[in-house]
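Welcome, and thanks for taking a look at this one with me. Below are some notes to read alongside the model, point by point.

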Amino acid sequence: MKVIYLDNNATTRVAPAVVAEMMPYFSEEYGNPSSMHTFGGMVGKNIVKAREQVAGLIHADPEEIIFTSCGTESDSTAIYAALQSNPKKRHIITTRVEHPAIKNLCERLAKTGYRVTWVPVDREGRLDLDYLYDHLSDDTAIISVMWANNETGVMFPMGQVARAAAEKGIVFHSDAVQAVGKVPVDVKQSGVDMLSLSGHKFHAPKGVGVLYVKKGTKFAPFLIGGHQEKGRRGGTENVAAIIGIGKAAEMAGKDLESGEMERVRLLRDRLESYILENIPSTLLNGSRENRLPNTLSVSFEYVEGESILLMLDQLGICASSGSACTSGTLEPSHVLRALGVPFTAAHGSIRFSLSTYTTDEEIDYVCEQMPPLIERLRTMSPFWKKGASCSIQ
Ligand code: PLP
């Protein structure tokens, strides 16, 4: 059975050109870039190129790029760097809809004596900026606000948060793991001090991430060891993956320029309109404006998201309920709860996330399958018969 992969916010296919670029680093150019000999030094030179490629995608200077093992490591490094560099400050501001990489870390820090302010979002997933402004204080060490939400795709106003942080001299970090490669990300224009990204979300392999640290930002390493990454991240470099993320960054930049992501947006919009127009009692989660071009989160009232996923799976369609990280539980995700999605709908939420590999034919097929699939599940649901007459709030 052919697989229709619409779970690209969980992870993406490694682009064949990225694989080809990586291959020599396993068996031919396997030297350690820290070695003194020419064989290792050659590898080091190619890491320089990968650093330039990643820097180019986000408009950073190459020396502002630190290679890490994943988005989660980049997030932890950013938060701990700010706290360690400002030891007297004990306050963190973040949002109620962050990925667990930030949410669970901040919850842990809250248990060890830090004060955490969780900025709410409205029904459309938009950030309550006034709440954020009202909670800035001289004790705030860091503001961490994601660039785009992994479940709804809603993007937050980076420039406004950056200005507020800069006025108070507070470090501003953004988790841009879902944004990089899908929308233009310009670190200089946005005003962020630190920014996280992850290779496997834009067709590089798993196991490589990046932390951008603006020149002049106070920094302390999270992984302490050798002198790699100019002493900012110890550990022998994951050379092949770094070469891969460089190539993927170059390709993502070209896709953004050529309008390929606009093609993806049109496909997403077509899927969205079809579902909303042809399946009753269906809600869109998150604002239509300021949203990633590839992400669609919809809630089907009176059905379980897990049942939808199982039926989609039988058809070879891969999607996700809530985020991949919460799909092991039957509770609606913290993101949908923060948006205030009605209880009857939050349980039936599905996220479709497209990529440059998604085709017209695949979207046609999913459109065709969705209405009968939801109807079948609803005929089995005792709540649907009772609730069908209720209007959606
Ligand atoms: N931040 C966001 C917004 C994410 O969506 C993810 C992964 O889903 C992460 C961080 C973690 O990235 P990684 O899987 O590379 O650790």
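1. A word on naming before we start: helices (H or I, at least four residues) and strands (E, at least two) are DSSP runs, numbered from the N terminus. Please also keep in mind that this is a predicted model.

2. With those names in hand, have a look at S137, which sits in the loop between α6 (129-134) and β5 (140-144). Setting aside neighbours within four places in sequence, S137 is in contact with H91, R115 and I170.

3. Now for the overall layout. The domain assignment divides the chain into domain 1 (4-11 + 259-380) and domain 2 (16-256). The centres of domain 1 and domain 2, taken over C-alpha atoms, are separated by 28 Å. Between them, 33 residues of domain 1 are in contact with 32 residues of domain 2.

4. Next, the ligand. Which residues come nearest to the ligand? Of the 13 residues around it, these are T72, D175, Q178, S198 and K201. Helix α4 (residues 71-85) supplies the largest share of this shell, with three residues. Sorted by class, the shell holds seven polar, three nonpolar and three charged residues.

5. An N or O atom in the side chain of K201 is 2.6 Å from an oxygen atom of the ligand. For Q178, an N or O atom of the side chain is 2.8 Å from a ligand oxygen atom. In H99, a polar side-chain atom lies 3.3 Å from an oxygen atom of the ligand. As for cover, the ligand on its own has 390 Å² of accessible area, and the protein covers 90% of that.

6. Let us turn to N8, in the loop between β1 (4-5) and α1 (16-22). Is N8 buried or exposed? N8 counts as buried because its relative accessibility is 2%, and the cut-off for buried is under 20%. The side chain of N8 reaches the backbone oxygen of Y5 at 3.3 Å. Not counting residues up to four places away in sequence, N8 touches S353, L354, S355 and T358.

7. With a relative accessible area of 51%, P382 is exposed, the cut-off for exposed being over 50%. P382 and T356 are 26 residues apart in sequence, with 40 Å between their C-alpha atoms.

8. Finally, two backbone angles to check. Most residues other than glycine have a negative phi. H59, in the loop between α3 (38-58) and β2 (65-68), has a positive phi, near 60 degrees. N290, in the loop between β9 (282-284) and β10 (295-300), also has a positive phi, near 45 degrees. How do they stand in terms of exposure? H59 counts as partly exposed at 44% relative accessibility, while N290 counts as exposed at 56%.

Terms used:
Residues are numbered from 1 along each chain as its sequence is written. This is a predicted model: local features need pLDDT of at least 70, side-chain atom pairs count only at pLDDT 80 or more; totals for chains, interfaces and linings use all residues. Side-chain values use heavy atoms; hydrogens and water are left out. Buried means under 20% relative accessible area, exposed over 50%, partly exposed in between (1.4 Å probe, protein chains only). A polar contact is a pair of N or O atoms within 3.5 Å; within protein, one must be able to donate a hydrogen and the other to accept it, and residues adjacent in sequence count only if both atoms are side-chain atoms. Contact means heavy atoms within 4.5 Å. A residue is near a molecule or strand if one of its heavy atoms lies within 4 Å of it. Accessible areas come from the Shrake-Rupley method with a 1.4 Å probe; for residues, only the protein chains shown count as cover. Ala, Val, Leu, Ile, Met, Phe, Trp, Tyr, Cys and Pro count as nonpolar, Asp, Glu, Lys and Arg as charged, and the others, Gly among them, as polar. Domain bounds come from an automatic or database domain assignment.
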